[in-house]
Amino acid sequence: MVKHIILWTLKDTDEQSKTEIRKGIKEGLEGLAGKIPGLIEIKVVTDYLPSSNAEVMLDSTFENEEALKGYAVHPEHVEVANTKVRPFTATRTCMDFEI
């Protein structure tokens with residue numbers, strides 16, 4: 001199995017907007033459950049402690065590296081990424097690893 005972890009910081013805006021953006025990212029990405037071949041689990045964390053230097057975390061598990069590659073280009077994932085994530089994020093850090 002493969003873990004796919006992403007940490008994002010959001011572009012600078014007011015807290016109310018950030019709350020809505022985080023909600024949209026969470027709903028969009030978690031809504032992919034059951035729609036992507038090889039995606040075993042997907043969870044988005046948006047509640048973080050003040051000591052954090054990231055505002056959103058994606059924790060997902062795939063059957064294998066090929067499933068992760070398929071997820072990256074799957075039309076439903078691309079739609080969520082292009083409408084709910086990329087327009088609002090300032091930084092992205094990713095780590096993929098086998099478990």
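Predicted model: local features only at pLDDT ≥ 70, side-chain atom pairs only at ≥ 80, totals over all residues.
**Exercise 1. Describe the largest nonpolar core: how many residues does the core have, and which have the most contacts inside it?**

Step 1. A nonpolar core is a set of buried Ala, Val, Leu, Ile, Met, Phe, Trp, Tyr and Cys residues joined through side-chain atoms within 4.5 Å.

Step 2. The largest such core has 20 residues, and those with the most contacts inside it are Trp 8, Ile 25, Leu 29, Leu 32, Leu 58 and Tyr 71.

Step 3. At least two residues of this core come from each of strand S1 (2-10), helix H1 (15-30), strand S2 (39-45), S3, helix H2 (65-73) and helix H3 (75-85). S1 gives the most, with four residues.

Step 4. Take Trp 8 as an example. Leaving aside neighbours within four places in sequence, Trp 8 is in contact with residues including Ile 25, Leu 29, Leu 58 and Val 85.

**Exercise 2. Find how many salt bridges the structure has, and work through some of them.**

Step 1. Side chains of opposite charge can pair when their charged atoms come close. A salt bridge is a side-chain nitrogen of Lys or Arg within 4 Å of a carboxyl oxygen of Asp or Glu. A search of the whole structure finds six.

Step 2. Lys 3 forms a salt bridge with Asp 59, with the closest N and O atoms 2.7 Å apart. This pair links distant parts of the chain, since Lys 3 is in strand S1 and Asp 59 is in strand S3, 56 residues apart. Lys 3 is buried, at a relative accessible area of 15%.

Step 3. Between Glu 30 and Lys 26, the closest N and O atoms of the salt bridge are 2.9 Å apart. Because Glu 30 and Lys 26 are four residues apart in helix H1, about one helical turn separates them. Glu 30 is partly exposed at 28% relative accessibility, and Lys 26 is partly exposed at 29%.

Step 4. Glu 76 and Lys 35 meet in a salt bridge of 3.7 Å, N to O. Glu 76 lies in helix H3 and Lys 35 in the loop between H1 and S2, so the pair ties together parts that are 41 residues apart in sequence. Glu 76 is partly exposed at 35% relative accessibility, and Lys 35 is partly exposed at 43%.

Step 5. Lys 18, Arg 22 and Glu 55 are linked in a network of salt bridges.

**Exercise 3. Say at what angle the axes of H2 and H3 cross, and which residues make the contact.**

Step 1. Axes are lines fitted to C-alpha atoms, for helices over the stretch in contact, and angles run from 0 to 180 degrees between N-to-C directions. The axes of H2 and H3 come within 5 Å and cross at roughly 55 degrees.

Step 2. This makes H2 oblique to H3. Angles under 35 degrees count as roughly parallel, over 145 as roughly antiparallel, 65 to 115 as roughly perpendicular and the rest as oblique.

Step 3. The contact is made by Tyr 71, Ala 72 and Val 73 of H2 and by Pro 75, His 77 and Val 78 of H3.

**Exercise 4. Decide whether H1 and H3 are roughly parallel or roughly antiparallel.**

Step 1. The axes of H1 and H3 come within 10 Å and cross at roughly 180 degrees.

Step 2. H1 and H3 are therefore roughly antiparallel to each other.

Step 3. Gly 24, Ile 25, Gly 28 and Leu 29 of H1 meet His 77, Val 80, Lys 84 and Val 85 of H3 in this contact.

Note on methods
Residues numbered from 1 in each chain as written. Heavy atoms only, no water. Buried < 20%, exposed > 50% of the residue type's maximum accessible area, 1.4 Å probe, protein only. Contact = heavy atoms within 4.5 Å.
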